[in-house]
Amino acid sequence: MVLTLLAVLPVAGDGTTGTKTILADRKSTETVDETIRYLLDYVSKSDCTFIRNGEPHTGKEASDHFKSKYEHFKSEIKTPEDFIQTSATKSMITGKPYLVKTTDGTEISCAEWLGKVLADYRKR
């Protein structure tokens, strides 16, 4: 299934809340901020180990780090995919990719792992 994403930005002064909305598929809509909050919460509650620059971190620690990067790049983030790319893919300092070690010991890139979490979220 191909998802079409469309950014919709309300016009200032039209009485809207200013929330950015994207069309996730033909049946549902999501707000970018709402989806990013979901992803951060999912990471925070995860039993996986998050590896940043070779050091293991809890889900809570990873979520806090991703949130700080999100706040830094917020003006550049228009979609949840932008969030994953800018905030949860690699270290800005070393360029090393962030990894996730799942509870069964499998290591995958954090970007891939979060992409799957996002896809599952959108299926709801």
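User: What counts as buried, exposed or partly exposed here?
Analyst: Buried means under 20% relative accessible area and exposed means over 50%, with partly exposed in between. The model is a predicted one.

User: Then is Phe83 buried or exposed?
Analyst: Phe83 has a relative accessible area of 1%. That is under 20%, so Phe83 is buried.

User: What does Phe83 touch?
Analyst: Leaving out residues up to four places away in sequence, Phe83 touches Ile36, Leu39, Leu40, Phe66, Tyr70, Ile77 and Ala88.

User: Which of those makes an aromatic pair with Phe83?
Analyst: Tyr70 does, and the pair is edge-to-face, with 5.6 Å centre to centre and 90 degrees between the planes. Tyr70 lies in helix H2 and Phe83 in helix H3, so the pair ties together parts that are 13 residues apart in sequence. Tyr70 counts as buried too, at 7% relative accessibility.

User: How many residues are in the largest nonpolar core?
Analyst: The largest nonpolar core has 25 residues. Phe83 is among those with the most contacts inside it, along with Leu39, Phe50, Phe66, Cys110, Trp113 and Leu114.

User: Which helices supply this core?
Analyst: H1, H2 (59-73), H3 (80-87) and H4 (110-123) each supply at least two residues.

User: On to H1. What span should it have, and how far apart are its ends?
Analyst: Helix H1 covers residues 32-45, which is 14 residues, and at 1.5 Å a residue these should span 20 Å. The end C-alpha atoms are 20 Å apart, which agrees.

User: Which H1 residues are buried?
Analyst: Val32, Thr35, Ile36, Tyr38, Leu39, Leu40 and Val43.

User: Where do Tyr38 and Tyr42 sit relative to each other?
Analyst: Both lie in helix H1, four residues apart, about one turn of the helix. An α-helix has 3.6 residues a turn, so residues three or four places apart point the same way. The ring centres of Tyr38 and Tyr42 are 6.0 Å apart and the planes are at 40 degrees, so the pair is tilted.

User: What lines the largest cavity?
Analyst: The lining is Phe50, Ile51, Arg52, His57, Ala62, His65, Phe66, Tyr98 and Leu99. Strand S4 (49-52) and H2 each supply at least two residues of that lining.

Note on methods:
Residues are numbered from 1 along each chain as its sequence is written. This is a predicted model: local features need pLDDT of at least 70, side-chain atom pairs count only at pLDDT 80 or more; totals for chains, interfaces and linings use all residues. Side-chain values use heavy atoms; hydrogens and water are left out. The expected span of a helix is 1.5 Å times one less than its number of residues. Buried means under 20% relative accessible area, exposed over 50%, partly exposed in between (1.4 Å probe, protein chains only). A nonpolar core is a set of buried Ala, Val, Leu, Ile, Met, Phe, Trp, Tyr and Cys residues joined through side-chain atoms within 4.5 Å. Contact means heavy atoms within 4.5 Å. Rings of Phe, Tyr and Trp (its six-membered ring) pair if their centres lie within 6.5 Å; planes under 30 degrees apart count as stacked, over 60 as edge-to-face and the rest as tilted. On a 1 Å grid over the protein atoms alone, a cavity is a set of points where a 1.4 Å probe fits but cannot get out, and a pocket is an open set with protein on both sides within 12 Å along at least five of seven lines; lining residues have an atom within 4 Å of a point.
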